[in-house]
Amino acid sequence: MAIALIVAAGRGERLGTSGPKAFVSVAGRPMIAWSIDAFRASGSVREIVVALPPGWEPSESEAAELDGCIRCEGGEDRSLSVRAALEAASAGEADEPVLVHDAARALVESHLIEELVLAVAPGSGCQAAIAACPVTDTIKVADEGGFVLSTPERSTLKSVQTPQAFSRNVLERALAQDDGVLSAATDDAALVAQLGIKVLLVDAPTENFKVTEPKDLELANLILSRRTAGGSI
Ligand code: CTP
Ligand code: MG
């Protein structure tokens, strides 16, 4: 069995709505409820821990969506919220799979979660696996003056998402570093890779995007409304 850590302690400054982004309404429910549903629907997740904004209290209906989840206070930066969530989880085996997920990726589906858990299952020989999709734009590396330095081969480039899955002892080691190191990390896989652990890329759909700006919220509303109506987009 696996545990899931859903980080929801961000402020959502780029989205620009009042209140925490994870509780903004998407297709009629708080954004985080959609991810929680996907983890609940996955047969291999035994526990869900949610990192919430420090000092923020959910309303009665918001709390109802978190029913059965362990709640903890997040940190100033994302990785600090991940560490707080892992510390709040119940004890488990050293090789137990731990999934880390952004509440802002409301469109995650259970089959992707299952694939990631399988990838890092005890005995698999793999201790880190992350959701990623191919990039469709050509990517340029820029120099300091704003000119093109190089053009990496597109077929080798992946856009990385969450969930990211790790053996519990590996994630614990990666997070047992100074706050400054954690704050500088853009994802958990980078911290794990710094330990010399190989990270497997698992194909994920572009639909598993992160709600960051208002246009993302519009698209998430549309897709989730269609999904609940039984359609697809
Ligand atoms: N997150 C967190 N704790 C933080 C910062 C971010 O738990 N201190 C979470 C967010 O809640 C989100 C995920 O990390 O689910 C990805 O972060 P991002 O999309 O950047 O969300 P915000 O930080 O909330 O948005 P912004 O950067 O626009 O303020
Ligand atoms: Mg942020």
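**Ligand site and backbone notes**

The model is predicted: local features need pLDDT of at least 70, side-chain atom pairs count only at pLDDT 80 or more, and totals for chains, interfaces and linings use all residues. Residues are numbered from 1 along each chain as its sequence is written, and side-chain values use heavy atoms, without hydrogens and water.

**Around ligand 1**
- The shell holds 18 residues, each with a heavy atom within 4 Å of the ligand.
- Gly12, Glu13, Arg14, Ser81 and Lys210 are the closest.
- By class, the shell has 9 charged, 5 nonpolar and 4 polar residues; Gly counts as polar.

**Polar contacts (N or O pairs within 3.5 Å)**
- A polar backbone atom of Glu13 lies 2.7 Å from an oxygen atom of ligand 1.
- For Arg11, a backbone N or O atom is 3.2 Å from a ligand oxygen.
- Gly75 places a backbone N or O atom 2.9 Å from a nitrogen atom of ligand 1.
- Taken alone, ligand 1 exposes 560 Å², and the protein buries 86% of that (Shrake-Rupley method, 1.4 Å probe).

**Aromatic pair**
- The count is 1 aromatic pair, with ring centres required to lie within 6.5 Å.
- The Phe23 and Trp56 ring centres are 4.4 Å apart with planes at 40°, so the pair is tilted; under 30 degrees is stacked and over 60 edge-to-face.

**Backbone details**
- The Thr162 to Pro163 peptide bond is cis, with omega near 5°.
- Ala27 is not a glycine, yet its phi is positive, near 45°.

Technical notes
Chains are lettered from A and ligands numbered from 1 in the order in which they are written. A polar contact is a pair of N or O atoms within 3.5 Å; within protein, one must be able to donate a hydrogen and the other to accept it, and residues adjacent in sequence count only if both atoms are side-chain atoms. Rings of Phe, Tyr and Trp (its six-membered ring) pair if their centres lie within 6.5 Å; planes under 30 degrees apart count as stacked, over 60 as edge-to-face and the rest as tilted.
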